[in-house]
Protein chains: 2
Amino acid sequence: MVETVSMNGGNGPNSYTQNSKSQEEGSTRAKALLAKSIQENLEIQNNSRVFSIADLGCSVGPNTFSCVQTIMQAVQLKLKNCGPDLEEPEFHVFFNDNVTNDFNTLFKALPPERQYMAAGVPGSFHGRLFPKASMNFMHSSFALNWLAKVPKEVTQEYSSAWNKGRVSYVLSSREVMNAYAAQFSSDIEAFFSARSMELAGDGLLVVIMPCRAEGTLPSESTILDVLECL
Amino acid sequence: MVETVSMNGGNGPNSYTQNSKSQEEGSTRAKALLAKSIQENLEIQNNSRVFSIADLGCSVGPNTFSCVQTIMQAVQLKLKNCGPDLEEPEFHVFFNDNVTNDFNTLFKALPPERQYMAAGVPGSFHGRLFPKASMNFMHSSFALNWLAKVPKEVTQEYSSAWNKGRVSYVLSSREVMNAYAAQFSSDIEAFFSARSMELAGDGLLVVIMPCRAEGTLPSESTILDVLECL
């Protein structure tokens with residue numbers, strides 16, 4: 001069984017709840033793009049009674065609730081634009097994260113006045129989580145950058161890709177970078193493969209994640225530079 | 001906001017996980033009835049791609065997993081009896097309990113080899129939990145006997161239904177019994193009202209709960225007699 005790690009649970013000083021400002025800032029900056037993407041790309045079916053939304057890698061809040069709110073408002077606006085006679089569907093929102101995530105804290109933090117039915121889904125988003133063609137909108141914010149596992153070869157002393165105990169590849173050899181790149185490639189393929197099964201024919205997937213500009217070196221990225229201090 | 005209580009979480013010596021043998025025995029005895037009820041009453045649609053199951057008041061396991069297994073096997077048998085060409089749907093199982101339930105323990109105890117997609121649903125089953133007409137099979141075992149709240153009048157010294165600090169009505173006045181009966185009546189109406197919205201047209205609801213035989217007194221029930229010691 002693959003060991004999974006999650007953000008710190010609870011509401012204490014070391015919790016994700018109290019230490020996710022940079023993710024919040026990123027999400028806030030991406031909100032306009034998220035809303036625009038829904039206006040431009042989402043197909044609304046006339047006969048949909050339920051609109052299912054998933055947040056993949058939701059952690060324990062509060063950012064996930066704010067994202068869901070943005071998505072719902074954008075979908076409601078799109079519905080309004082499609083015609084005043086279109087009956088509004090009920091919203092079913094699925095909050096997903098690894099099984100070790102603190103779902104108890106997440107559930108207790110659910111907005112009491114929410115206009116949707118909520119469910120928590122434990123499990124890796126690198127595998128199947130939902131029935132086929134059941135999701136109308138899937139979203140993942142600042143989560144897909146986490147790998148499913150550390151590539152084995154970077155932990156093995158005899159390997160040419162040994163990373164000497166470091167947790168970042170910013171100042172590491174080409175072999176180490178390639179090992180991480182191969183793991184990411186395998187992870188992202190598994191992610192898209194699962195989502196392609198789960199998304200409804202007219203569904204939409206939006207992924208927000210930190211990236212480097214094409215052609216730049218890892219050491220030129222601020223985020224990776226910070227990680228090198230660990 | 002109504003204060004909710006739940007079974008003890010975790011896996012420790014006082015947890016529900018370690019102290020739910022009598023519920024397990026009750027569920028085991030009811031298994032044959034559960035399977036029979038599915039064979040006789042469940043209508044299987046030819047074009048269903050997903051079969052949604054909910055366990056209402058699931059607590060932290062392990063009994064809920066055993067119930068789900070029984071339900072799935074009975075549905076699969078029913079499908080087989082309906083014809084060998086019927087494509088088996090994917091099973092989507094929703095585990096529901098109050099928001100204070102220990103979902104973290106529940107999720108970690110999910111059977112690793114399960115043949116269904118799992119989700120946790122926090123909230124009172126006396127209200128709406130799922131979108132309209134979205135559930136094919138709903139089940140509640142040893143849970144509906146718990147009231148949504150203590151009737152206010154049994155806690156008020158000046159009320160004729162004051163229960164003098166006791167948590168049972170076995171040896172209490174007629175007024176106390178009536179107050180509990182009225183609360184149960186209101187709760188069960190709310191429960192059925194919500195389920196009637198959530199069940200698919202061909203869906204099935206099975207409730208298993210301890211009861212007294214018609215015409216007997218509370219003091220003649222073994223379970224209520226035990227509670228009187230509290």
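I take buried to mean under 20% relative accessible area, with exposed over 50% and partly exposed in between, using a 1.4 Å probe and protein chains only. The model is a predicted one, where local features need pLDDT of at least 70 and side-chain atom pairs count only at pLDDT 80 or more, while totals for chains, interfaces and linings use all residues. Residues are numbered from 1 along each chain as its sequence is written, chains are lettered from A and ligands numbered from 1 in the order in which they are written, and side-chain values use heavy atoms, with hydrogens and water left out.

Entry on B:Val154. I looked up its accessibility first, and B:Val154 counts as buried because its relative accessibility is 4%. I located B:Val154 in the loop between β4 (135–141) and α4 (174–198) of chain B, where helices (H or I, at least four residues) and strands (E, at least two) are DSSP runs numbered from the N terminus. Leaving aside neighbours within four places in sequence, I found B:Val154 in contact (heavy atoms within 4.5 Å) with B:Ala161, B:Trp162, B:Asn163, B:Lys164, B:Val176, B:Ala179 and B:Tyr180. I also checked B:Cys211, which is 57 residues from B:Val154 in sequence and 22 Å from it in space, C-alpha to C-alpha.

Entry on A:Asp202. I placed A:Asp202 in strand β5 (residues 199–208) of chain A. What is the nearest side chain of opposite charge to A:Asp202? I found that it is B:Arg49, 9.0 Å away, and that A:Asp202 is buried yet has no salt bridge; Lys and Arg count as positive and Asp and Glu as negative, with His and the chain ends not counted, and a salt bridge needs a side-chain nitrogen of Lys or Arg within 4 Å of a carboxyl oxygen of Asp or Glu. Not counting residues up to four places away in sequence, A:Asp202 touches A:Leu42, A:Glu43, A:Gln45 and A:Asn136.

Entry on the contact between the chains. I noted 27 residues from chain B and 27 residues from chain A in the contact. The area buried between them is about 2200 Å², of which carbon and sulfur atoms give 62%, buried area being the accessible area (1.4 Å probe) that two parts lose on being put together, summed over both. B:Asn104, B:Phe107 and B:Pro131 supply 24% of the area that chain B buries against chain A, more than any other three residues. I counted two salt bridges between chain B and chain A, and a salt bridge joins the side chains of B:Arg128 and A:Glu90 at 2.9 Å, N to O.
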